[in-house]
Amino acid sequence: METKIQWKWVIGASVLFLLFLIFILPRVSAYSSETIGKSESPDQSFLYSGSQLYELAESYGESGRKTYILLRWTFDLVWPIVYTLFLVAWTIKLMEYASDNRRMRFLVFVPIAAAFFDFSENIGATIVMLRYPLKSGIIQTITPVATGIKWITISLSFLLLLLLIIKIIGSKIKRIKD
């Protein structure tokens with residue numbers, strides 16, 4: 001079974017991704033910094049601890065924690081869907097052109113895993129922010145792990161696109177030489 005995607009979906013996902021990068025992300029970042037009073041956020045960090053998450057919760061104050069939660073369940077509910085659509089669409093499209101793409105079919109799950117860990121991070125951070133100053137036990141330990149895995153899988157997803165492009169170019173060059 002071969003997976004294919006029409007160019008209109010790839011282009012649509014790309015336009016949506018670019019619109020988010022150019023217009024939405026900067027505005028959300030500015031709003032977050034303005035209302036919370038800090039630009040630092042656990043979901044933008046690669047490595048942090050549960051205690052650092054609590055330090056951020058304290059530094060945000062009550063209104064900052066409310067804003068943080070609001071952003072996690074508005075913007076950060078949509079953003080992982082947008083980048084996952086972009087990454088999945090391009091992965092499928094590039095695999096169409098890569099030789100031996102049947103063995104690579106499972107790679108489409110890497111960006112899906114990124115979204116899963118992004119949502120897991122949002123849930124964990126929300127629980128910590130809602131319960132603050134109460135400790136959230138395992139949640140405060142798991143949330144930073146979810147964040148790290150999210151960034152690893154997002155990075156792997158973009159690296160995968162780059163490797164697929166290199167593979168396609170390499171096979172085109174090889175065909176020209178043969």
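Begin with the largest nonpolar core, which has 21 residues; select Phe 17, Trp 79, Tyr 83, Met 104 and Leu 164, the members with the most contacts inside it. The model being viewed is a predicted one. The greatest contribution, eight residues, comes from H3.

Beyond its neighbours within four places in sequence, Tyr 83 is in contact with Phe 17, Ala 114, Ala 115, Asp 118, Lys 150 and Ile 154. A second, separate core of twelve residues can then be shown; among its members are Leu 53, Tyr 68, Ile 69 and Ala 125.

Return to H3 and select the whole helix. Of its 23 residues, 17 are buried, and H3 is thus mostly covered. From first C-alpha to last, H3 reaches 34 Å, close to the 33 Å expected at 1.5 Å a residue.

Move to H1, residues 7–36. This helix of 30 residues spans 40 Å between its first and last C-alpha, close to an expected 44 Å. Centre the view on Leu 21 to find a kink of about 40° in H1. Then select the buried residues of H1: Val 10, Ala 13, Ser 14, Phe 17, Phe 20, Val 28, Ser 32 and Ile 36. Their cover includes helix H2 (50–72), helix H3 (75–97) and helix H5 (138–177).

Key. Residues are numbered from 1 along each chain as its sequence is written. This is a predicted model: local features need pLDDT of at least 70, side-chain atom pairs count only at pLDDT 80 or more; totals for chains, interfaces and linings use all residues. Side-chain values use heavy atoms; hydrogens and water are left out. Helices (H or I, at least four residues) and strands (E, at least two) are DSSP runs, numbered from the N terminus. The expected span of a helix is 1.5 Å times one less than its number of residues. The bend at a residue is the angle between axes fitted to the seven residues ending there and the seven starting there. Buried means under 20% relative accessible area, exposed over 50%, partly exposed in between (1.4 Å probe, protein chains only). Contact means heavy atoms within 4.5 Å. A nonpolar core is a set of buried Ala, Val, Leu, Ile, Met, Phe, Trp, Tyr and Cys residues joined through side-chain atoms within 4.5 Å.
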